[in-house]
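Open the model in your viewer and keep a selection tool at hand. The stops below can be visited in order.

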Amino acid sequence: MDIFTSLAIIAFAALIHASFQLSVSVLTLLSSHTIGAKRSRAKLLRLTSSFVGGAALMSLLLLVSAAFVFLQLFGAPVSLEVWAIACSVVLGIGVAVWLFYYRTKKAGTELWIPRAFAKHLTSRTKATRASVEAFSLGLTSVISELIFIIPTLTISALILLELPSQWQLVGALVYTLVSSLGLIVVWSLVGSGHSISRVQKWREKNKRFLQFSAGSALVALGFFIYINEVVALATGVL
Amino acid sequence: MHEGGNIQTHVVKNGRHRHPEAFEREKLHKSIVAACLGSGAPTGNAESTARRVVDEVVSWLQKRPEVTSNDIRRVAAKALRTYHPDASYLYEHHRSIM
């Protein structure tokens, strides 16, 4: 696989990561509570910026950790079996996202995560006053959506291992930047004075589309990687 | 039923191990102000809207000795919809954001 294709796959996986909504939900709640508590706009910007920074850093850390673990376990380049397992994880979670991503068919954007977890995140969001707390909330929110981002992290980490070392850093940065796009959009909307209710209404109106596109994109990514890595290598095309 | 601006209605909250609490006007006022501000309303407008909505909820609470917090939320959201539909949406759905 050439460098451009590898980076394009990483960017595509990161875009799928960006379409997941847990961190966006936490950021929306954080903004809502900060505005509702009559804190200044500067404070709002500090808290939301710290949150986005924390989420981006955790995405980067998870990606490089996954790459390091895969390198230690499987070496580079990875075998057909590893690619095949990774593809089945991607396809499986893609189908699960189609079926289970949102919790109810009622109004709202409740996600399919344990309720105790959601309650804890909500109470931490309400209690967030300082930038450092918002930063750690950003770190935590990415860990909380790990179940959804495992496939995008896995594929990106395996692709990173195939890149020349100078391009691995570029790949990791591309993933971090693109996976943070959803947060950056909400951050800029809130920062530019858009109301939280409009942001939340948009999210609710488009939740089924986001769910379908995230699931479909995962399935497409799984098939592409399967054909490109497993079938092509097995049949000796590459 | 009024006592110093507050009424003697007990509110049964969501979840287990929760005992009924006395209705607090100020608590409701604060949550409605927060919803209005989150919907882009100016502070003065948010405060006056919240006062009107709380008055409507208080009049609904007359002769009701015990209600659930969901009842209050539903009645307050309905009253708020008249003054600020976006704020009403946020007030009603803020628990289902995540």
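A residue is buried if 20 or more other C-beta atoms lie within 10 Å of its own, exposed if 12 or fewer, and partly exposed in between, with C-beta atoms placed from the backbone. Under that rule B:Lys63 is exposed, because 8 other C-beta atoms lie within 10 Å.

This is a predicted model, in which local features need pLDDT of at least 70 and side-chain atom pairs count only at pLDDT 80 or more, while totals for chains, interfaces and linings use all residues. Residues are numbered from 1 along each chain as its sequence is written, and chains are lettered from A and ligands numbered from 1 in the order in which they are written.

**Stop 1: B:Lys63 and chain B**

Stay on B:Lys63. Its phi is positive, about 65 degrees, although the residue is not a glycine. B:Lys63 sits in the loop between helix H2 (43-61) and strand S5 (66-68) of chain B. Helices (H or I, at least four residues) and strands (E, at least two) are DSSP runs, numbered from the N terminus.

Now select the whole of chain B. There are four helices and five strands in chain B, and along the sequence they follow the pattern β-β-β-β-α-α-β-α-α. Of the 98 residues in chain B, 35% are buried. Two residues are in contact if their C-beta atoms, placed from the backbone, lie within 7 Å. Among the contacts in chain B with a separation of 6 or more, 52% are between residues 24 or more positions apart.

**Stop 2: where the chains touch**

For residue classes, Ala, Val, Leu, Ile, Met, Phe, Trp, Tyr, Cys and Pro count as nonpolar, Asp, Glu, Lys and Arg as charged, and the others, Gly among them, as polar.

**Stop 3: the largest nonpolar core**

A nonpolar core is a set of buried Ala, Val, Leu, Ile, Met, Phe, Trp, Tyr and Cys residues joined through C-beta atoms within 7 Å. Select A:Phe51, A:Ile155, B:Ile32 and B:Cys36, which touch the most other members among the 83 residues of the largest such core. Helix H3 (residues 41-74) of chain A gives the most to this core, with nine residues.

Then centre on B:Ile32. Leaving aside neighbours within four places in sequence, B:Ile32 is in contact with B:Ala50, B:Val53, B:Val54, B:Ala76, B:Leu80 and B:Tyr91.

**Stop 4**

Axes are lines fitted to C-alpha atoms, for helices over the stretch in contact, and angles run from 0 to 180 degrees between N-to-C directions. Angles under 35 degrees count as roughly parallel, over 145 as roughly antiparallel, 65 to 115 as roughly perpendicular and the rest as oblique.

Select H3(A) with helix H6 (residues 131-144) of chain A: they pack at an angle of about 40 degrees, with their axes 7 Å apart. H3(A) is therefore oblique to H6(A). The residues of this contact divide into 13 nonpolar, eight polar and one charged.

Next take helix H4 (residues 80-100) and helix H7 (residues 146-162) of chain A, which pack at an angle of about 150 degrees, with their axes 9 Å apart. H4(A) is therefore roughly antiparallel to H7(A). Among the residues making the contact are A:Trp83 and A:Ile93 of H4(A) and A:Phe148 and A:Ile155 of H7(A). By class the contact of H4(A) with H7(A) has eleven nonpolar, one polar and no charged residues.

**Stop 5**

Go to A:Pro77, in the loop between H3 and H4 of chain A. A cis peptide bond joins A:Ala76 and A:Pro77, with omega about -5 degrees.

Move to A:Lys38, in the loop between helix H2 (22-36) and H3 of chain A. A:Lys38 has a positive phi of about 60 degrees although it is not a glycine. Is A:Lys38 buried or exposed? A:Lys38 counts as exposed, because it has 12 C-beta neighbours inside 10 Å.

Finish at A:Glu81, found in helix H4 of chain A. A:Glu81 is exposed, with 10 other C-beta atoms within 10 Å. A:Glu81 and A:Val230 are 149 residues apart in sequence and 8.0 Å apart in space, C-alpha to C-alpha.
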